Amino acid sequence: MSKLQSYEREAFETVERAPEAQAKGFATVRRAHESEMAEDYVELIAELIELRGEARPVEIAERLGVKSPTVTKNISRLKAAGLVRRERYRAIFLTDAGRELAEACRRRHRVVVAFLLSLGIDEETAERDAEGIEHHVSTTTLEAFEHALLQSQSGK
């Protein structure tokens with residue numbers, strides 16, 4: 001029986017966590033969910049600017065699979081948060097804060113994808129899964145991913 005098969009059949013022991021620790025964990029996940037939209041948008045805007053020199057709302061809507069009014073609403077939120085700037089009827093550009101957030105998101109994404117690929121996950125699945133994982137991965141876990149990648153590259 002393979003190790004994977006044995007994991008599928010083993011009963012996992014329930015570990016009781018202190019209520020405060022459990023509440024902190026759930027709060028962390030809720031904060032990550034709240035920031036996902038902003039992170040996805042600034043990451044995509046940065047990519048479009050690199051590819052085309054600008055990010056137009058119609059392209060953002062197309063790539064995110066949402067309708068234009070959703071993009072307009074979310075761009076307004078990003079503008080209020082100081083992450084984007086936009087002139088009426090013009091393209092959208094990142095502020096310095098938006099560029100910093102986009103770069104941090106892209107870095108996390110690259111590390112998560114590389115780690116998943118190192119586990120033998122195919123590229124399409126790794127990219128898709130990284131889209132969710134990157135918003136929830138802690139700095140500690142991300143550093144562990146990087147450490148594991150460095151060790152595997154050095155042959156240790």
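1. Directly following helix α4, G82 adopts a positive phi of about 80 degrees. The structure discussed here is a predicted model.

2. The length of helix α4 can be checked against its residue count. The helix covers residues 68–80, and at 1.5 Å a residue its 13 residues should span 18 Å; the C-alpha atoms at its ends lie 18 Å apart, so expectation and model agree.

3. Which residues of α4 are buried? They are V71, N74, I75 and L78. Viewed down the axis of α4, the buried residues fall within an arc of 105 degrees, and therefore they line one face of the helix. P69 and A80, on the other side of α4, are exposed.

4. The count of aromatic pairs comes to one. This pair is formed by F115 and F145, which are stacked, with 4.0 Å from centre to centre and 5 degrees between the planes. Because F115 belongs to helix α5 (residues 96–118) and F145 to helix α7 (residues 139–154), the pair ties together parts that are 30 residues apart in sequence. F115 and F145 are both buried.

5. The secondary structure of the protein chain consists of seven helices and two strands. Along the sequence these follow the pattern α-α-α-α-β-β-α-α-α.

6. Of the 156 residues in the protein chain, 29% are buried. Among contacts with a separation of 6 or more, 52% are between residues 24 or more positions apart. The accessible surface of the chain is about 10,900 Å², and carbon and sulfur atoms contribute 53% of that surface.

Terms used:
Residues numbered from 1 in each chain as written. Predicted model: local features only at pLDDT ≥ 70, side-chain atom pairs only at ≥ 80, totals over all residues. Heavy atoms only, no water. Phe/Tyr/Trp six-rings, centres within 6.5 Å; stacked < 30°, edge-to-face > 60°. Helix = DSSP H or I, 4+ residues; strand = E, 2+ residues; numbered from the N terminus. Buried < 20%, exposed > 50% of the residue type's maximum accessible area, 1.4 Å probe, protein only. Expected span 1.5 Å × (residues − 1). Arc of directions from axis to C-beta. Contact = heavy atoms within 4.5 Å. Areas by Shrake-Rupley, 256 points an atom, 1.4 Å probe, with all protein chains shown as cover.
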